[in-house]
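This briefing concerns a predicted model. It treats the contact between the chains and then the surroundings of the ligand.

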Amino acid sequence: MTRERTTVVGSTIEINGLSKSFGAVRAVDDLSLTIRPGVVTGFLGPNGAGKTTTLRMLLGLVAADSGSATIDGRPYAELASPAAVVGAALEAASFHPGRTALDHLRVHAPMVGVPDAACSRVLAQVGLADAARRKVGGFSLGMRQRLGLATTLLGDPGVLVLDEPANGLDPEGIVWLRGFLRHLAHEQGRTVLVSSHVLGEVQATVDDVVVIARGRLVHESPLSDLVAMAAAQVRVSTPDTDGFVRLVTEQGWDFSEISGGLLISGASPAQVGAAAHAAHLELHGLAGEGMALEDVFLKLTDPARAQVPA
Amino acid sequence: MTPAVRSEWRKVTTTNLWWVLALVMFAYTAFLGAVMGFSLAQQPEAATGGMGDSALSGREVAQSVYTLGASLGYVFPLVAGALAMTSEFRHQTITPTLLFEPRRSVVLAAKLVVNLALGLVYGVIGTLGAIAGGAPVLAGLGDGMHLGDGEVLGNVAFSVLALAIWAVIGVGLGTLLPNQVAAIVVILAFTQFVEPILRIGFAAVDALSGLARFFPGAAAEALVGSSLYSTTGMLDLLGRWEGAAVLLAYAVVFALVGRFTTLRRDVT
Ligand SMILES: Nc1ncnc2c1ncn2[C@@H]1O[C@H](COP(=O)(O)OP(=O)(O)OP(=O)(O)O)[C@@H](O)[C@H]1O
Ligand SMILES: [Mg+2]
């Protein structure tokens with residue numbers, strides 16, 4: 001059976017109030033998210049933030065303590081043919097070392113009703129055609145990642161869930177993966193969710209970002225908003241620090257005091273200048289300061305760092 | 001269900017384990033068949049250790065020799081069945097398995113079905129091994145092969161069935177004990193050491209002697225209908241169908257307990 005797909009429309013992933021504890025460790029804490037089709041969403045967080053646990057709950061491998069995770073409104077395990085709806089590759093993709101790449105796919109092919117030809121086709125898609133008959137035990141990490149990706153494509157699903165797919169890929173592989181994922185989302189309309197603990201790794205790939213830390217959501221926006229946050233830091237020199245603290249607090253901007261003024265984030269220099277003018281505050285210097293995107297990520301995921309002036 | 005069965009069947013046939021075990025099993029049972037055929041055909045009294053009736057008939061010798069696969073070789077299908085489940089945990093292939101089939105009972109049921117079929121293959125191979133090793137010896141030294149004897153062939157058929165059920169028990173055991181090393185150690189310790197000793201020990205104590213019949217090895221011998229141990233008259237066995245029921249009960253209980261322990265847990 002070959003599937004003819006003219007327009008692929010991915011499904012929406014909804015996560016609602018999801019929580020999970022392992023003993024005393026609160027791995028995921030009241031997490032709510034929406035992942036939309038047609039874009040690549042980066043699921044970011046430092047090591048141990050709860051990314052893998054969240055994905056395993058979404059896929060029915062780990063039982064949530066509370067909350068729900070659905071695809072197209074239904075839990076994964078209740079989908080009629082789940083692997084034809086969601087293709088998932090989890091961290092440290094797992095294969096029997098004595099099985100060939102092709103046979104690994106052939107094992108799962110009956111579950112999505114595809115013939116051996118489809119197995120060869122997805123192997124070719126991820127660049128493993130030449131290694132099809134080699135045993136997985138001899139594969140490099142990057143080759144295993146590619147095989148994991150091929151496995152997700154077997155059922156031609158509208159949703160792809162990939163846990164750290166760039167791990168172990170060479171620079172060429174990363175560029176290839178980027179183009180491939182963007183193609184799947186943008187041209188084909190699939191839902192693509194990619195986790196990573198390094199923002200830089202997925203920065204050029206993703207359209208939306210979701211950032212979690214210690215199991216909680218700390219940020220959810222298009223990547224462009226995160227980029228804007230990176231630029232939006234303004235250094236103000238003023239003799240009237242108290243006046244500015246009042247103003248900035250009124251405006252709801254974040255700030256830290258530095259010698260001779262403030263460092264304000266969440267606003268542009270123009271916004272700060274206009275507000276100072278309107279409030280008749282004395283202003284000696286006003287400068288927009290760039291912050292590396294990675295610093296924004298660190299600041300979001302580790303509040304302790306937020307106190308350290310950039 | 002059918003796709004899951006096909007998937008499980010492919011898991012077995014795409015790795016080398018099944019035929020390596022089958023080959024070793026054939027060699028092992030052929031060797032035992034020849035050795036036991038040799039000793040029983042020549043001097044039946046010696047092999048009984050003087051405990052049983054004096055001499056075995058030629059038919060009884062054939063029955064014992066041809067069912068050696070079931071009396072001494074059942075560890076092969078048992079290990080094969082157990083590994084079908086433990087290797088999923090050892091290599092973490094349980095994750096893709098459950099992604100493609102999240103209904104865990106279906107995965108378990110498919111493994112039970114596939115291993116029953118695979119167990120029949122081991123049954124045929126192990127029984128053929130014993131016949132291949134034993135029949136020529138019986139023909140040369142004993143009073144013939146007895147391969148045209150319906151009663152002998154009946155035992156041979158039940159020996160195949162018993163070996164098949166051992167593979168199903170293996171799946172249950174592997175589900176109960178997903179740690180591969182632990183499962184193999186338990187299988188080897190129990191089949192090679194614990195059960196034989198307990199059976200002899202229980203047989204010596206009146207209050208316990210009846211219980212020994214319910215051990216899995218004893219139940220399998222009851223199903224086969226003739227065996228090394230029983231023809232020697234050392235032990236009391238259940239009836240054939242009672243033996244089959246007890247053997248199947250082990251498979252069902254192990255699988256059910258495994259379903260509600262191991263297969264209920266988070267897969268991380
Ligand atoms: N099976 C488990 N038993 C106990 N604790 C666990 C288990 N799985 C995860 N945890 C804990 O839950 C927390 C979240 O882990 P998780 O693997 O989801 O993080 P992650 O965001 O995927 O991290 P990484 O970037 O390192 O992959 C960690 O503190 C981890 O130690
Ligand atoms: Mg992880």
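In this predicted model, 33 residues of chain A are in contact with 25 residues of chain B. The two chains bury about 2,500 Å² between them, with carbon and sulfur atoms accounting for 61% of it.

**Interface of chain A and chain B**

- The rule finds two salt bridges across the interface.
- Asp116(A) forms a salt bridge with Arg10(B), and the closest N and O atoms are 3.7 Å apart.
- Between chain A and chain B, 13 residue pairs are in polar contact.
- On the side of chain A that touches chain B, at least two residues each come from strand S1 (13-22), helix H2 (82-85) and helix H3 (101-112) of chain A.
- H3(A) gives the most to this side, with eight residues.
- By class, this side of chain A has 20 nonpolar, six polar and seven charged residues.

**Surroundings of ligand 1**

- Ligand 1 is surrounded by 15 residues, of which the closest are Gly48(A), Lys51(A), Thr52(A), Thr53(A) and Glu91(A).
- The site is shared between chains because residues from chains A and B surround ligand 1.
- The shell comprises five nonpolar, seven polar and three charged residues.
- Strand S2 (25-35) and helix H1 (51-58) of chain A each supply at least two residues of the shell, and H1(A) gives the most, with three residues.

**Polar atoms at ligand 1**

- An oxygen atom of ligand 1 lies 2.6 Å from a side-chain N or O atom of Thr53(A).
- A polar side-chain atom of Asn47(A) is 2.9 Å from an oxygen atom of ligand 1.
- From chain B, a side-chain N or O atom of Thr268(B) is 3.0 Å from a nitrogen atom of ligand 1.
- Of the 640 Å² of accessible area that ligand 1 has on its own, the protein covers 67%.

Definitions and conventions: Residues numbered from 1 in each chain as written. Chains lettered and ligands numbered in written order. Predicted model: local features only at pLDDT ≥ 70, side-chain atom pairs only at ≥ 80, totals over all residues. Heavy atoms only, no water. Contact = heavy atoms within 4.5 Å. Buried area = accessible area lost by both parts, 1.4 Å probe. Salt bridge = Lys/Arg side-chain N within 4 Å of Asp/Glu carboxyl O. Polar contact = N/O pair within 3.5 Å; in protein donor to acceptor, adjacent residues only side chain to side chain. Helix = DSSP H or I, 4+ residues; strand = E, 2+ residues; numbered from the N terminus. Nonpolar A, V, L, I, M, F, W, Y, C, P; charged D, E, K, R; others polar. Near = heavy atom within 4 Å. Areas by Shrake-Rupley, 256 points an atom, 1.4 Å probe, with all protein chains shown as cover.
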